[in-house]
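Hello,

Here is the structure we talked about. My notes follow below it.

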Amino acid sequence: MNWNDPAVVEWFKQAWPGPLVRSSGWLFPFGEAMHFIGLCLLFGSLIFVDLRLMGFFKELPVKATLTLVPYAVLGLLINMASGWLFFTSAPGSYLENPAFILKMFLVLLASLNAVAFTIWEHRKVSLLGPGETAPRSAQILAGSSLFLWLFVLLLGRWLPIFTIGTN
Amino acid sequence: MLWNFLRDFEAGDFSSWVREGNFIAEPFSTYYTLLGLHSIGMAAIVGITWMLSSRIFGFQQEIPLRNVGKLIRLGWWGFYLNFASGMVLLAAQPRREMMTGMFWLKILAIVLAVWVLWIMQKAMANLQSIPNPSGKGPAIDVVPLSLRVQAFAIVALWLIAIVAGRLIGYTQPPPPM
């Protein structure tokens, strides 16, 4: 599938809520505010969880930090919804932007990383109390998570640098 | 006089570098690189304070509030990064920012949020705890109403700062001559 095919771009352009965003003066800034709120929820939660798993803040029980994960999920959902709002407003300019393509790839990778952690590590690390160290595999997944999401954040801010044209 | 100074400053090398220059190398423009750092700092300070506020509201009760001092310090480092990058970003077009109401609302919300965080940090360091009624497990933090009010205030203040910050670009007047 060629993502830059004019028919594909036009389909995304007509998808909800694209036409609404283009005709409204406040929907795009509203989406931006929501995107930042989601970002803070996602990172706030990950700072507690990932850094604890990586060996920092050992005075906190791992199980306690994991109770913040729903905020990361909520943040991600908010960002996916607001991100779709941005994308449908001008799909052509996003699809030809290499930073956007890389960002989406890293979001996918970070999400798979989270799924891998949930399947293989979540139950094991839940038993860790204060002062205990997570297994190396969990440390690597936590470090990868923080690195990937930080890179996603930076790429989001750098999209204008790589914007080729407007659609 | 200040206005004339800022006009000369905007015409100078440093301000031009922030607006149009590259940060170390192409294509990483100074402006967008600083925006990236600004966002990382914001994510750290706002994210950490919102998670702590959630705990103070009564959720995630397994997190011992007496043991979050290091996380708050990390949040402060996030704020320092946010503040430092924000100051340099301001150098890009200080007069235009100062003519924007949303900029001043954002600054006011941040000043108040930082003040509330400072009060909250002291309150959390002196938190009382009672033995767990079950006889085993960690002691339970006694969260006073004043701390809950502060947590509510800090959540609201950061929300205002974020929304106002987003609206600056949409409500700015044209660049002054």
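A:Lys124 is partly exposed, at 46% relative accessibility. The classes use a 1.4 Å probe and protein chains only: buried is under 20% relative accessible area, exposed is over 50%, and partly exposed is in between. The side chain of A:Lys124 meets that of A:Glu121 in a salt bridge, 3.5 Å from N to O. A:Glu121 is buried, with a relative accessible area of 4%. A salt bridge here is a side-chain nitrogen of Lys or Arg within 4 Å of a carboxyl oxygen of Asp or Glu.

Before the rest, the ground rules. This is a predicted model: local features need pLDDT of at least 70, side-chain atom pairs count only at pLDDT 80 or more, and totals for chains, interfaces and linings use all residues. Residues are numbered from 1 along each chain as its sequence is written, chains are lettered from A and ligands numbered from 1 in the order in which they are written, and side-chain values use heavy atoms, with hydrogens and water left out.

Over all chains the count comes to seven salt bridges. One of them joins B:Arg55 and B:Asp141, with the closest N and O atoms 3.4 Å apart. This pair links distant parts of the chain: B:Arg55 is in helix H3 of chain B and B:Asp141 in strand S2 (residues 140-142), 86 residues apart. Helices (H or I, at least four residues) and strands (E, at least two) are DSSP runs, numbered from the N terminus. B:Arg55 is buried, at 5% relative accessible area. B:Asp141 is buried too, at 9%. B:Arg66 joins B:Arg55 and B:Asp141 in a network of salt bridges.

**Where the chains meet**

36 residues of chain B are in contact (heavy atoms within 4.5 Å) with 32 residues of chain A. The buried area is about 3,200 Å², and carbon and sulfur atoms give 79% of it. Buried area is the accessible area (1.4 Å probe) that two parts lose on being put together, summed over both.

Two salt bridges are counted between chain B and chain A. One of these pairs A:Glu59 with B:Lys70, at 3.7 Å from N to O. Helices H3 (30-57), H4 (69-90) and H7 (145-171) of chain B each supply at least two residues of the side of chain B that touches chain A. H3(B) gives the most, with 17 residues. A:Glu59 is partly exposed at 23% relative accessibility, and B:Lys70 is partly exposed at 44%.

**One buried threonine**

B:Thr49 lies in helix H3 of chain B. How accessible is B:Thr49? B:Thr49 is buried, with a relative accessible area of 3%. Not counting residues up to four places away in sequence, B:Thr49 touches B:Leu117, B:Ile154 and B:Trp158.

**Aromatic rings**

The whole structure holds 24 aromatic pairs over all chains. Rings of Phe, Tyr and Trp (its six-membered ring) pair if their centres lie within 6.5 Å; planes under 30 degrees apart count as stacked, over 60 as edge-to-face and the rest as tilted. A:Phe87 and A:Tyr94 form a tilted pair, 6.1 Å centre to centre with 55° between the planes. Both A:Phe87 and A:Tyr94 are buried.

Best wishes
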